[in-house]
Amino acid sequence: MAKNALFIMCDQLRWDYLSCTGHPHLRTPNIDRLARRGVLFDRCYVQSPICGPSRMSFYTGRYVSSHGSTWNNVPLKVGEMTLGDHLRPLGVRTALCGKTHMTADAEGMRRLGLAPDSEIGVRVAECGFEPYERDDGLHPDGGRYARNRNYDDYMRAKGWNDDNPWDDVANSAEDDDGTLLSGWFMENADKPARADAEDSETPYIVRRAMDFMREAGDEPWCLHLSLIKPHWPYIVPAPYHDMYPPETHLPVVRTEAERENAHPVFAAFMEERVSRAFARDEVRTRVIGAYMGLIRQIDDEMGALLDFLDERGLSETTLIVFTSDHGDYLGDHWMGEKELFHDPSARVPLIVVDPSPDADATRGQTRDALVEAIDLVPTFLDHFGGPEVSHILEGHSLLPVLHGRTRKVRDVAVSEYDYSMRDVRRRLGVPVRDAKLTMVFDGRWKYVFAEGFRPMLHDLETDPDELVDLATSPDHSQELARMEGLFFEWTRRTSQRTTISDEKIAARDPRVAEAAAGILIGYWSPSELEDTVPDDATGPRAENPDTPQS
């Protein structure tokens, strides 16, 4: 039976909001079931704590500064290879059900003459995926974001005549008089959405994933099942809307000292509207109840999905990945949303289930090795027997960890954030090109380089909640310098030479190549050339570094 891969991603799911990662009140038995089948990587960090650039790193296996899609709606440039580009030559159908947050490089496509409706044009515009059903999960009225007409039609067939059932049904409640109560307003987060649970976004897109698997049959496939929740709007259908009262919520993690001594960029983010909202206890209470309900609904649908895989015998051949594109502060550190590098934002759950017998010895284990989002493309490629392309991919396959051959794949994790699009940049008076932050984490020390400002430094061994910034402490100057050195080392990596591998360059004999191609630089006489280059090494083919030299 053909090998397959199921790449499940939630949107805005915190690492610590699962029972298998330690939440004391939110039971997620089906996601826990996945963890028992595979390995839970407990310290996985995304390459950017915001949807678009994070996902482009997940899909390219490259850091944000390498692929260049630095913020939401910044196009991924034509020519960046994605998961589908790596897997399709191996005969693997690579498809999407759900969200990518991909913005196509329309200008680049026009320049290259790629029609958006051509086979190649669709792949380029859809981040390398076959769009079985794309739904980016953000469909307010106004026309800026494309609607999922399939979901609209589905809801109308269910009897909903609203013009925009995503906005008015799946993400709105109503009062006793029938007045719509929009899920965009957090005061409504404790109310049940108008949609029945089975018709809301999560079960709908999971069912579409099942449809794909039925249709794919015995053809090898990699399906990206990209769920829209628990991303805002924070509203969930009954019975999930009131399952989690305040006593089940995690206590907020923040101190007054954080605000008093905050780094300028951190302080500016604390003043964003969403952060000021989540500083209010009534907002946190109302939102977290819905957030937990959304996760519980996801877990129920994961149970249905795992049963489906088991019944069809697909669990025996399918590599399964479960993760998130970033977290959610939910009021921790006086923050709402995500965007900075505290663990609630930049750390995500990651479960990898390898069906092969080679992974039997590690099943059910939790590993604290540092891993990154960019490690998934190499893992999928390894699963399908593809080549190692380290001159393109900056991540590392996790199969050696799953198979017990190594315990770690890296010494540091790196995440980047471009805040040039945010009002924070304007309020700080920072030029667009300087509005960038980079995190380097070595498993204990978390260092953040902030262009134009002092750095930030946290010791997660003595301060796991990251409440004390040590960057200005004279007692920690050596650690600050060491982490700065690790950051400088990372910035010096080769990331843009993607058209030829290190191995091909290493195999090329620079003493012979130019002379063999007839480029005679520095030779005194023909006899000197004869001593250097054998007769059979000359000729026009010798100038091609991809051609093996004699």
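## Cavities

Three cavities of 30 Å³ or more are counted in this predicted model. The largest cavity has a volume of about 60 Å³. Its lining consists of Ala-170, Asn-171, Ser-200, Glu-201, Thr-202, Lys-229, Ile-235, Pro-237, Leu-294 and Gln-297.

By class, the lining of the largest cavity holds four nonpolar, four polar and two charged residues. Two helices each supply at least two residues of this lining: helix H9 (201-216) and helix H13 (281-311).

## The largest pocket

The largest pocket has a volume of about 940 Å³. It is lined by 34 residues. Nearest its centre lie Trp-184, Met-186, Trp-232, Val-274 and Glu-337.

Helix H12 (273-278) and H13 each supply at least two residues of the lining of the largest pocket. H12 gives the most, with five residues. The lining of the largest pocket divides into 16 nonpolar, five polar and 13 charged residues.

## The second largest pocket

The second largest pocket has a volume of about 760 Å³. Its lining has 27 residues. Closest to the centre are Leu-393, Glu-394, Gly-395, His-396 and Arg-410. Helix H15 (376-383) and helix H18 (477-491) are the elements that give two or more residues to this lining.

The lining of the second largest pocket has 10 nonpolar, eight polar and nine charged residues.

Strand E8 (residues 318-324) pairs with strand E9 (residues 347-353) in the antiparallel sense, over four bridges. Within this pair, Val-321 stands opposite Val-352 in E9.

## The four-stranded sheet

What is the order of the strands in the open sheet that four strands form? The order is E11-E12-E13-E14, and the pairing is antiparallel. Strand E11 (413-418) and strand E14 (456-459) stand at the edges with a single partner strand each, so one side of each is left without a neighbour in the sheet. The twist averages 15° from one strand to the next.

E11 and strand E12 (residues 436-441) run antiparallel and are joined by six bridges. Ser-415 has Met-439 in E12 as its bridge partner.

## Backbone exceptions

Most residues other than glycine have a negative phi, and most peptide bonds are trans.

The peptide bond from Lys-229 to Pro-230 is cis, with omega near 10°. Pro-230 is found in strand E7 (residues 221-230). Lys-229 is also one of the residues that line the largest cavity. A cis peptide bond also joins Ala-238 and Pro-239, where omega is about 5°. Pro-239 has its place in the loop between E7 and helix H10 (256-260). Gln-12, a residue other than glycine, has a positive phi, near 75°. Gln-12 sits in the loop between E1 and helix H1 (29-37).

## Confidence

The protein chain averages a pLDDT of 94. A score of at least 70 is reached by 97% of the residues.

Where does the pLDDT fall below 50? Residues 539-543 form one such stretch. Beyond near neighbours in sequence, residues 539-543 have nine contacts in the model. Over residues 545-550 the pLDDT is also below 50. That stretch has 11 contacts in the model, again beyond near neighbours in sequence.

How values were computed
Residues numbered from 1 in each chain as written. Predicted model: local features only at pLDDT ≥ 70, side-chain atom pairs only at ≥ 80, totals over all residues. Heavy atoms only, no water. 1 Å grid on protein atoms, 1.4 Å probe; cavity = no way out; pocket = protein on both sides within 12 Å on 5 of 7 lines; lining within 4 Å. Points joined across faces, edges and corners; volume = space filled by probe spheres on them. Nonpolar A, V, L, I, M, F, W, Y, C, P; charged D, E, K, R; others polar. Pairing = 2+ DSSP bridges. pLDDT = per-residue confidence, 0-100. Contact = heavy atoms within 4.5 Å. Axes fitted to C-alpha atoms, helices over the stretch in contact; angles between N-to-C directions.
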